[in-house]
Amino acid sequence: SSSTAAFGASTGTVTWNGAAASIAGTAATTFNNLTVNNGANTLTISTVPTVNGVLTLTSGTVALGTVGLIAKGNVINNSSAAPFTGTTGAFQFAGTSPQSLSGSFATTFPRLTLNNASGLTLNNTATITTALTLTNGAVTTGANSLTLSAGTATVTRTNGYVIGNFTKAFATGSNVTKIFEIGTDVAYAPVSLTFPSITTAGNLTATTVGTEHPDVANSGLDA
């Protein structure tokens, strides 16, 4: 189905069941709760929708295209490890209250944007293949990880960072530098690493802890 007129979000749940479908038209569509239960089919997005409530992925694929999707509530992924496809469209966590990503699968996004001062909590690992934009707010990973799976994946930061485990892929090359945009619940504390030479590609995880290292007195650090 497609939208060519304003759609009232109301307080209910819209469910896509079974068949391939699309969100298109000249009017942006706002949903309260949205459930995608498309089996092996795809929900294709051509006009950016906003989900004010809970976005639940039960089955099927969401093609974000060039416009993406704005989620202002929690996201539950019970569909697959890769429920989203897309080219330049980003999945945006853009609520005003704390948001969470949970479900029975870890979730892979082509592009992910966080623009929520109240932050995002990961109840499963989230992986980004192409681009992460940290506009506002913190991603709290707990025991999970926020992962950039490709050495070419980029981070654009304005005022956000990761509290917990931030994993980045390193490709082979010379003078490879990456910044880990990490911090604690009270401060942004990024780490910059430069490797003169990488001959075997791999991943590296950086994190912060809220207390000093037990041997900090012998570390040579003076601030």
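Guide: Buried residues make up 42% of the 223 residues in the chain, where buried means under 20% relative accessible area, exposed means over 50%, and partly exposed lies in between, with a 1.4 Å probe and protein chains only. This is a predicted model, in which local features need pLDDT of at least 70 and side-chain atom pairs count only at pLDDT 80 or more, while totals for chains, interfaces and linings use all residues. Residues are numbered from 1 along each chain as its sequence is written, and side-chain values use heavy atoms, with hydrogens and water left out.

The secondary structure comes to 0 helices and 19 strands; both are DSSP runs numbered from the N terminus, helices (H or I) having at least four residues and strands (E) at least two. Along its principal axes, the C-alpha trace spans about 65 × 35 × 30 Å. Among the contacts with a separation of 6 or more, 24% are accounted for by residues 24 or more positions apart, a contact being heavy atoms within 4.5 Å.

The part to look at closely is the salt bridge, since a search of the whole structure finds 1; the term stands for a side-chain nitrogen of Lys or Arg within 4 Å of a carboxyl oxygen of Asp or Glu. Side chains of opposite charge can pair when their charged atoms come close. Here the partners are Glu-181 and Lys-168, whose closest N and O atoms are 3.0 Å apart. The pair links distant parts of the chain, with Glu-181 in the loop between E17 and E18 and Lys-168 in strand E16 (residues 160–170), 13 residues apart. The loop that holds Glu-181 runs between strand E17 (173–180) and strand E18 (191–198).

Are the two partners buried or exposed? Both Glu-181 and Lys-168 are buried, and Glu-181 counts as such because its relative accessibility is 8%. Their side chains are also joined by a polar contact of 3.0 Å, that is, a pair of N or O atoms within 3.5 Å, of which, within protein, one must be able to donate a hydrogen and the other to accept it, residues adjacent in sequence counting only if both atoms are side-chain atoms. Leaving out residues up to four places away in sequence, Glu-181 touches Leu-134, Val-155, Arg-157, Tyr-161, Val-162, Phe-166, Lys-168 and Tyr-188.

Two of these names, Val-162 and Phe-166, return around Leu-146, which also touches Leu-112, Leu-122, Ala-126, Ile-128, Leu-132, Val-139, Thr-141, Asn-165 and Thr-167, when residues up to four places away in sequence are not counted. Leu-146 is, with Phe-91 and Phe-93, among the residues with the most contacts inside the largest nonpolar core, which has 41 residues. Strand E14 (residues 126–148) gives the most to this core, with 7 residues. Such a core is a set of buried Ala, Val, Leu, Ile, Met, Phe, Trp, Tyr and Cys residues joined through side-chain atoms within 4.5 Å.

Strand E14 also holds Ala-138, which is buried because its relative accessible area is 14%. Beyond four places in sequence, Ala-138 touches Leu-114, Gly-119, Leu-120, Tyr-161 and Ile-163, and Tyr-161 is also one of the residues that Glu-181 touches.

Other places give a contrast. Asn-175 has its place in strand E17 and counts as exposed because its relative accessibility is 58%. Asn-175 has a positive phi of about 50° although it is not a glycine, whereas most residues other than glycine have a negative phi. Ala-117, in the loop between strand E12 (107–115) and strand E13 (120–122), is likewise exposed, at 64% relative accessibility, and, beyond four places in sequence, touches Asn-136 and Gly-137.

Asn-38, found in strand E4 (residues 33–45), counts as buried because its relative accessibility is 0%. A polar atom of the Asn-38 side chain lies 3.1 Å from the backbone oxygen of Ala-19, and among the other residues in contact with Asn-38, beyond its neighbours within four places, are Trp-16, Leu-43 and Ser-59.
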